[in-house]
Amino acid sequence: MLLMMAEVLRLGKVSEAFPESTFWALLSWNQTHVPWVGATLHDLIQPSFSFLVGVALPFSIASRLYRGESTRTMWIHTLKRSLILVALGIFLRSMHRDQTNYTFEDTLTQIGLGYPFLFALGFAGFRVRVSALAAILVGYWLFFVLYPLPGPGFDWSQTGITPDWNHLLTGFEAHWNKNTNASWAFDRWFLNLFPRSEPFLFNRGGYATLSFIPTLGTMLLGLLAGQMLKEDHPDRAGRMLKRMIWWAAGLFAAAWLVSASGICPIVKRIWTPAWVLYSGAWSFCLLAVFYFLVDIKSARRWCYLLLVIGSNSIAAYVLADGFGGFIRESFQIHLGASYDQVFGEGYASLVSGGLILLTECAILAWMFRRKIFIKI
C-alpha cells in the first residue's frame, strides 16, 4: 500500500530531468509497470495485496466463529463484501468520466470477484486447496492455449497494438500476447453488455476481467500461508520461517521452469499461471522477511507507518487513487503555483508528491490514533 501511495512521487519525472543518473533511473523503473513480460517492484503491489487477503482469511474466519457467528451470517457478509469491493473498484475507475465506466480489472474489483470462492475454500482442507490451485492454473492455461492465434487477415486496428510491436511474443507463447488472447476476446463480448459511450475494443494496458480467476490462485497461496501462520507456535518460529522459504523457492523454481521452457510466460497484466507462481514466490519472501523481523526478532518500532497504512488499507487505497489530485490542487491554491520548485524544476514532482504522501499518511495516522478503521 505504501508503494502504491508513493506513485504520487512520479519518480519518472525526476529521472527524465536527470537522464545521466543511474540512481533515479533505477527508482523510476521500479515505479513503473513493465510493458508485458517480466516484473518490477511496482508490479508486485497488486499480487502482494491479493496474497494478504488470503493470509488474513483464516484469522477472520476463526474470529467470527469465536464470536458465535453462523455460517449463513458469514456468507451474507462475504457476498456483501464482494459486491462492495466490485462497486468501489468501478466507482474509482469512473472518476472524472462522463458516465459509469464498467470495467473489472481494478485491484479491488478483481479481489471482489474472487473473494466468495476464496471464502468457500477457507473451510476446505489442505489437499482441496492445493487441488483448487492446480485446477485454476491448468484450466486458465488451457483457456489461452485453445484460443486461436491471429490469422493472416487479422485486423490489428482492433487491438491497440501493431504486428511489429516490440513486446509481441512468438511461437507457442503468442497465445499470451496483448489484446489478441482469450481473455481479450471475452471482454469484447462481456464489457459491451454494459452501457458505454462507444463499443469496447480493447484495454490499453491489456488488462482483462477474467484475470480474477488466476488472482484467486494468488489469494489461495496467501490462504495456505495464513493457515500456516495461524497454526504457528512460538517454539516453532524457526521451522515456520523455513517453510515459507521452501515455499518461495519451490514457486520460483516452478515459475522459471514453465517460463524458460516456453510453456507459459510471466505476464502480470493478464495474470498468467507463470505470474501466479512468480509473484507468489515473492509474496512468500516478503512475508518471511516481515515474519522474521516482527515475530521472531520483535523489531516493531520501525514498522509503525506500515501498521498505520496496513490497518486501514481500503482507506489508503481510496485516498491514493481518488484524492491525490485534490490535495495537489489545494497546495497550489494555498502555497502558490510554483511551490514545488523550491529545489529546482527537476525535483518538482518529488516535492509535490512528497507533500501529498505526507498528507495522506497524516490522515491515516489520525484515523489510527482515534481507532477509526474502514472495513468492508
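**Helix packing and aromatic pairs**

Colleague: Is S313 buried or exposed?
Modeller: The relative accessible area of S313 is 18%. Buried means under 20% relative accessible area, exposed over 50% and partly exposed in between, with a 1.4 Å probe and protein chains only. S313 is therefore buried.

Colleague: Which atoms do the side-chain values use?
Modeller: This is a predicted model, in which local features need pLDDT of at least 70, side-chain atom pairs count only at pLDDT 80 or more, and totals for chains, interfaces and linings use all residues.

Colleague: Which residues does S313 touch, not counting residues up to four places away in sequence?
Modeller: S313 lies in helix α13; helices are DSSP runs (H or I, at least four residues), numbered from the N terminus. Contact means heavy atoms within 4.5 Å. Leaving aside residues up to four places away in sequence, S313 touches M1 and F49.

Colleague: How are α5 and α13 oriented to each other?
Modeller: Axes are lines fitted to C-alpha atoms, for helices over the stretch in contact, and angles run from 0 to 180 degrees between N-to-C directions. Helix α13 (residues 313-322) packs with α5 at an angle of about 15°, the axes being 11 Å apart. Angles under 35 degrees count as roughly parallel, over 145 as roughly antiparallel, 65 to 115 as roughly perpendicular and the rest as oblique. The two helices, α5 and α13, are therefore roughly parallel.

Colleague: How many nonpolar residues has the contact of α5 with α13?
Modeller: On α5 the contact is made by L85, L88 and L92, and on α13 by I314, Y317, V318 and D321. Ala, Val, Leu, Ile, Met, Phe, Trp, Tyr, Cys and Pro count as nonpolar, Asp, Glu, Lys and Arg as charged, and the others, Gly among them, as polar. By class, this contact of α5 with α13 has one charged residue, no polar residues and, for nonpolar residues, six.

Colleague: How are α4 and α5 oriented to each other?
Modeller: The axes of α4 (residues 45-66) and α5 (residues 71-93) come within 12 Å and cross at roughly 140°. I61, R64 and L65 of α4 make the contact with M74, H77 and R81 of α5. The orientation of α4 and α5 is therefore oblique.

Colleague: What kind of aromatic pair do F144 and W176 form?
Modeller: Rings of Phe, Tyr and Trp (its six-membered ring) pair if their centres lie within 6.5 Å; planes under 30 degrees apart count as stacked, over 60 as edge-to-face and the rest as tilted. F144 lies in helix α7 (residues 126-145) and W176 in the loop between α7 and α8 (182-190), 32 residues apart. F144 is buried at 1% relative accessible area, and W176 is buried at 0%. With 6.3 Å centre to centre and 10° between the planes, the pair F144 and W176 is stacked.

Colleague: What kind of pair do the rings of W271 and W275 form?
Modeller: W271 is buried, with a relative accessible area of 2%, and W275 is buried at 0%. The ring centres of W271 and W275 are 6.3 Å apart and the planes stand at 85°, so the pair is edge-to-face.

Colleague: Which residues of α8 are buried?
Modeller: Helix α7 is included in what covers the buried residues of α8. The residues of α8 that are buried are A182, S183, W184 and D187.

Conventions:
Residues numbered from 1 in each chain as written. Heavy atoms only, no water.
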